[in-house]
Amino acid sequence: MIIRALLFLFHVPVFKSKVFMYICIMLRRIALYILLLLPLGLFAQSGQERPWVRWWWNGDKVDTLELKRELLLLYEAGIGGVEINPIEFPAKRCDSLGVASLTWLSDEWLEALAATLREAKRLGMGCDLLVGSGWPFGSETIPMEERAQVMLTYATEIEWSNNTNNEPFVITRQQIFDAVDPKVTVPNADRQFELVDLFLVPDSVYSIYQRNEVYHLGDTIKIYPLNQITTGWHPSPNNRYILYALVRCTSFASVINGAPGASGPILDHMNQAAVQHFLDYMRQRLEEHLGSMSRWLRAYFVDSMELEGSNWTGDFAEEFRRRNGYDIMPWLPFIMFKTGRLGEVVSYEYGAKQSPDFKRRVQTVRFHFERTKAELLYERFTTVFADWCKAQGVLSRGQAYGRGFFPLLSSTAYDIPEGESWTTNYLRHRIGEEMPDGDYRRGRAYTMINKYVSSAAHHSGRRLVSAEEMTNTYRMFETTLELLKLGSDMSAISGTTHSVWHGFNYSPPQAGFPGWVQYGSYLNEQNTWWPYFHLLNEYRSRMSAILQNADMQTPLAILAPTEKMWGEIGVQTEPFPNYPKGNGYDITPLLWEAIHKNGSGADIVRFDWLLDTTASGELRYKAVFLPRIDTLEGEDIRWLLSYADCGGRVFCIGTQLVDDNRFILLPEPDSNRYLEWYADVQRRHNLPHAVAIENPDRYLLQNHYRNDQGDDIFLFVNACLRCAVSSTFIFPKEICQGRTAWVYNPATDEKQLLTLENGSAWLYLPPAESLFIIFETPDAQAAAQASLWEPAYREGQHYFPIHTRWHVSLHHAIEGWTRDTVMQQLCDLCQTQFKDFAGTVTYTTHLSLDSLGSDPIFDLGKVYDICELIVNGESCGVKWYGERIYDNVAPHLHPGDNTIVIKVTTTLNNYVHTLTDDGVVQHFVLKRNVPTTPAGLLGPVSYF
């Protein structure tokens, strides 16, 4: 309580007078010094189980005192550690206040880092440190030979059928370079272009040997019609040709959001010497000032490897020949597509038309090209980084994906593999409002990459799987704790066990409201729900304490159609691949989801993982699914056949891969019926599942775990914000027999007995609810003291609306004013003069009761957003997600007159719409047409 009282001084309202603001800032600093003298070690908890935050050091415009203040804010909110993330200052939307940037790895920057690490250690908080700044990493001082490269193809049609004057086709090198200039996020001013190859082919091509070489030594290139070309020309029947140019661009892109000292050109991640030079320089500078980093850091971190389409390195052609046995150079123009930003394909129909046989050969070469690139990235970057961390006694944490990586293999190299889950992105998918089978992205917080990352962790025996949660680029001020909880629950279902919130902005009090904002869900002490943020962190800590000490049970495996995809359309940018419609590459996420919703579990695996065994020597995966895989390399076929020889069951979806009666062909599911399709497959083929769910629901998510004590643990999540889900669950005898079943709610920390009848129980999950069912060795004493679990409310109960007048008092969180009014009937604040309000609304009324009845329950109806019910001066608790139902009011009520007070905290969203001149609001709200949202207590308030 002392800490919370002193931290109250840390809140600085935006005064019109700067004098008052600076006085308040001084008071905050005095309070900080007092707090630094307190022995806070008694309050420290396990930082690994508590959520961490990505801490953006905006522009590295950091001050030691402010860094300590912000660490303390996070500590008090229940945060276990920080990922120190230097990043470019958002100058287009924020006022820097004239604060200078500290250059990355400079003496001044290292002093600020040292002070931060010491303070975090004193508070019992952990620290991870980003390698470089922004993404992907690089710096202004990287020599040209160590900068990222990209090979690009140019194609244009030439038609000479009507050329009676024998005039040549003319094009300059610069025209070609301009046409292929990569549409990267941050172009590098020093990029260098090189014309590697130039040739003509007929507009319909069936062989690489139809090339007609074009002389291209000069700046201007002239290509004459057929009758002026020497012998050896490969003619086109219709006199139409495609001119191909192969162009290499070096230093083509700069770091995205790089801070001073770590911006500039991107590093060549396929150049091992370049990677080693960069990492060793960073280590040298850190150790000069801090000594061994194992004293200070949990892990070094690398963000998702969005390499902007980088696909080449100096010895790529030699490496390709060594690994694949043939020359890649004649094939390069044919295997590449027209690309844009991040290497995304702009057009798959580019260049000459290819005969069916030639197209199949091109697809094989394209797969070999992508595989070679992924191998080089794994060998020359991923493992080099992991070994560099290990040599320092520091863990490696990373997002082993982006574009062109092996997401499974690369994730096994990291000590803490990481995925990412989003509150919203450019898709603006409605989390908690929809979950269709037709599009795996809609309604889901987890991205497609999470299951790859967690599956790799399961293979490696790693229980700590982090996730960047909940990435937010569109709904900054309307994001609620409820939405963060639901998204984090979905992230847990996808296999993550450790939350790293996205994120906390370094923003000094002088920056005012909303301050310096890079991205994120506005994790800031000026947010209206900041005083309740600790509730979310405590919830996630309790959940992680279970998940980090258990293993997910996944008896089924899925082989993703990676070879097919890489051959047909090339690598995709993860975690948001741009799959062409109708190709079936999006089956994998829908398939694993349907398996879990039907009571089982699955991993995405590599072929060489199929023979993994359990401690008893049995195959770990009892069956494997191959979604629309119609071609494989010979080695992969051998792994699959060996798996079948060992008793593994193979299910081919949509296409029969091998003429083998052990391979079972399944029809493809209808696009909107994956849940029902898999329920039928599971029943017909008697596939393993740990729990039978009588009424599977698209919103009802499930995972099964087993801990070191042998306890079976089930996590159930209702992923719907608006409706409850319920079903009868039937647990098998081997799980139930001789054990006690418990229901554990990580939000309330309540553990209650669950009554089973022949292994079955009916469970009711209100909106956004999550529960653990835990089967433990019986403890007679604990069971005797425990209460029985039962839902607080079931549909159909009779209730009595409270039709009274409400006194309403509004206190504005940012502007500081208080207003009083009276509501004859509860309504949305958007329908009143307070439509732009943000803060706390206190509703007071009186309820006269003749008698109490038995176990009265209060239902507050619709509430936006956080609420607290106070009955006769006694708090009944805070509700920050799900149903606003209170079943603990009986001790506080009495016959006669009762004073009912309901405090509601709204979001900032409606208020920021009025700040039309603010750069942050313009960028994240107004330009993105973010709508206003309901606010306050809408009711109806009822009791029953």
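This is a predicted model: local features need pLDDT of at least 70, side-chain atom pairs count only at pLDDT 80 or more; totals for chains, interfaces and linings use all residues.
Begin with the largest cavity, whose volume is about 80 Å³. Select Arg441, Arg444, Tyr446, Thr447 and Phe576, which, among the 12 residues that line this cavity, lie nearest its centre. If you colour the lining by class, you will see 8 nonpolar, 2 polar and 2 charged residues.

Next, turn to the nonpolar cores. The largest of them holds 258 residues, and Tyr300, Phe625 and Leu640 are the members that touch the most others within it. Helix α9, which covers residues 356-391, gives this core its largest share, namely 14 residues. Now select Phe625 and show its surroundings: leaving aside residues up to four places away in sequence, Phe625 touches a list of residues including Leu556, Ile595, Phe651, Tyr678 and Leu687. Another core, of 30 residues, lies apart from the largest one, and you can find it by selecting Ile802, Met823, Cys827 and Val889, which are among its members.

Finally, select the open sheet, in which 4 strands follow the order β33-β44-β37-β41 with antiparallel pairing. The strands β33 (800-801) and β41 (885-886) stand at the edges and have a single partner strand each, so one side of each is left without a neighbour in the sheet. The partner of β41 to look at is β37, residues 858-859, and these two strands pair in the antiparallel sense over 2 bridges. To see one of the pairings, select Phe858 together with Tyr886, its bridge partner in β41.

Technical notes:
Residues are numbered from 1 along each chain as its sequence is written. Side-chain values use heavy atoms; hydrogens and water are left out. On a 1 Å grid over the protein atoms alone, a cavity is a set of points where a 1.4 Å probe fits but cannot get out, and a pocket is an open set with protein on both sides within 12 Å along at least five of seven lines; lining residues have an atom within 4 Å of a point. Grid points are joined across faces, edges and corners, and a volume is the space filled by probe spheres set on the points. Ala, Val, Leu, Ile, Met, Phe, Trp, Tyr, Cys and Pro count as nonpolar, Asp, Glu, Lys and Arg as charged, and the others, Gly among them, as polar. Two strands pair if DSSP finds at least two bridges between them. A nonpolar core is a set of buried Ala, Val, Leu, Ile, Met, Phe, Trp, Tyr and Cys residues joined through side-chain atoms within 4.5 Å. Buried means under 20% relative accessible area, exposed over 50%, partly exposed in between (1.4 Å probe, protein chains only). Contact means heavy atoms within 4.5 Å.
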